[in-house]
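Student: I'd like to go through this structure with you. Could we begin with the aromatic rings and then move on to the rest?

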Amino acid sequence: MLRSWAARLRMFKAARGGAPAGNPILAQRLFSSEEAIQKDLSLPNPSWNKELRLLFEQFMKKCEDGSWTHMPSYDYKNAQRNRDIKTLIHDAKLEVKRFSQAQYFTRSYKEGMGFEFVMFYNDAEKRTVCIFQGGPSLQGVPGFLHGGAISTMIDATVGTSAMIALGFVMTANLNINFKRPIPIGSVVVINSQVDKIEGRKVFVSCDVRSADENTLHSDATSLFIKLEPEKSLT
């Protein structure tokens, strides 16, 4: 999912006169009619509560002047997507058939039961915001989200910032401080920002706050490393 978002934004910038796209054929596929028949899972559905809907509408309003970009989200469970990944990552041990039925973890739950979220990106500020509502399948201590669930969304959000900044990256370090537990079904806002880039390294930090911003639930720092496509990942 993260690779898809990063690639989409980079190709979109290229189409508008930005940096040259690395793979024009892939760019065509990213914006092809094939995508149109897939459901954008970052759009409101009946499981979204009022806070999530309100924040979504507020950020969509910010997108109107071009300062923010809404990041679509799909499960991409199709063979063409897997072949595209194979094209971008030249790894002899990576067999497409081994993950032809794979699905993105954060989009593998039934509607409303797991990760309900939407992301927005601000290019001028190098900032990614994720609005997240955790469902009952993500429970840890009764009544609250499992720490692994919020860790997943933190990694997804800071990872999006990192990949937009450098391209294909992987997490090298993720350090999270848990401050206050998050009730099941509540909405939190994950605000991440690129702090610095050093060669193939990108450092990103974030905080996780309640929808009203009054409660700090977590904060985190992270390090991502840009992948070298010519080298094997395994």
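Student: How many aromatic pairs does the structure hold?

Tutor: The structure holds eight aromatic pairs, where rings of Phe, Tyr and Trp (its six-membered ring) pair if their centres lie within 6.5 Å, and planes under 30 degrees apart count as stacked, over 60 as edge-to-face and the rest as tilted. One of them joins F105 and Y109, whose ring centres are 6.2 Å apart with planes at 55°, so this pair is tilted. Before we go further, note that this is a predicted model, in which local features need pLDDT of at least 70 and side-chain atom pairs count only at pLDDT 80 or more, while totals for chains, interfaces and linings use all residues. Residues are numbered from 1 along each chain as its sequence is written, and side-chain values use heavy atoms, with hydrogens and water left out.

Student: Is F105 buried, partly exposed or exposed, then?

Tutor: F105 is partly exposed, with a relative accessible area of 46%, and Y109 also counts as partly exposed, at 31%; here buried means under 20% relative accessible area, exposed over 50%, and partly exposed in between, with a 1.4 Å probe and protein chains only.

Student: What about F115 and F132, how are their rings arranged?

Tutor: The ring centres of F115 and F132 are 5.9 Å apart and the planes meet at 25°, so that pair is stacked. F115 belongs to strand β2 and F132 to strand β3, so the pair ties together parts 17 residues apart in sequence; strands (E, at least two residues) and helices (H or I, at least four) are DSSP runs, numbered from the N terminus. F115 is buried at 3% relative accessibility, and F132 is buried at 0%.

Student: Which residues form the aromatic cluster?

Tutor: One aromatic cluster is formed by W48, F56, F59, W68 and F120.

Student: Switching to the sheet, in what order do the strands come?

Tutor: Seven strands form an open sheet in the order β1-β2-β3-β5-β6-β7-β4, with antiparallel pairing, where two strands pair if DSSP finds at least two bridges between them. The edge strands, β1 (69-71) and β4 (169-178), each pair on one side only, and the twist averages 20° from one strand to the next.

Student: And how many bridges join β6 to β7?

Tutor: Nine bridges join β6 (residues 201-210) to β7 (residues 216-226), and these two strands run antiparallel; as an example, V202 has F224 as its bridge partner in β7.

Student: Where does helix α6 lie?

Tutor: Helix α6 (residues 147-166) lies across β1, β2, β3, β4, β5, β6 and β7, and runs at about 135° to β4; contact means heavy atoms within 4.5 Å, and axes are lines fitted to C-alpha atoms, for helices over the stretch in contact, with angles from 0 to 180 degrees between N-to-C directions.

Student: How many disulfides are there?

Tutor: The structure holds zero disulfides, a disulfide being a pair of cysteine sulfur atoms within 2.5 Å. For C130, the nearest cysteine sulfur is that of C206, 9.8 Å away, and C130 is buried with a relative accessible area of 0%.

Student: Last one, where is E213 and what is its phi?

Tutor: E213 sits in the loop between β6 and β7, and its phi is near 70°, a positive value in a residue other than glycine. E213 is exposed, with a relative accessible area of 58%.
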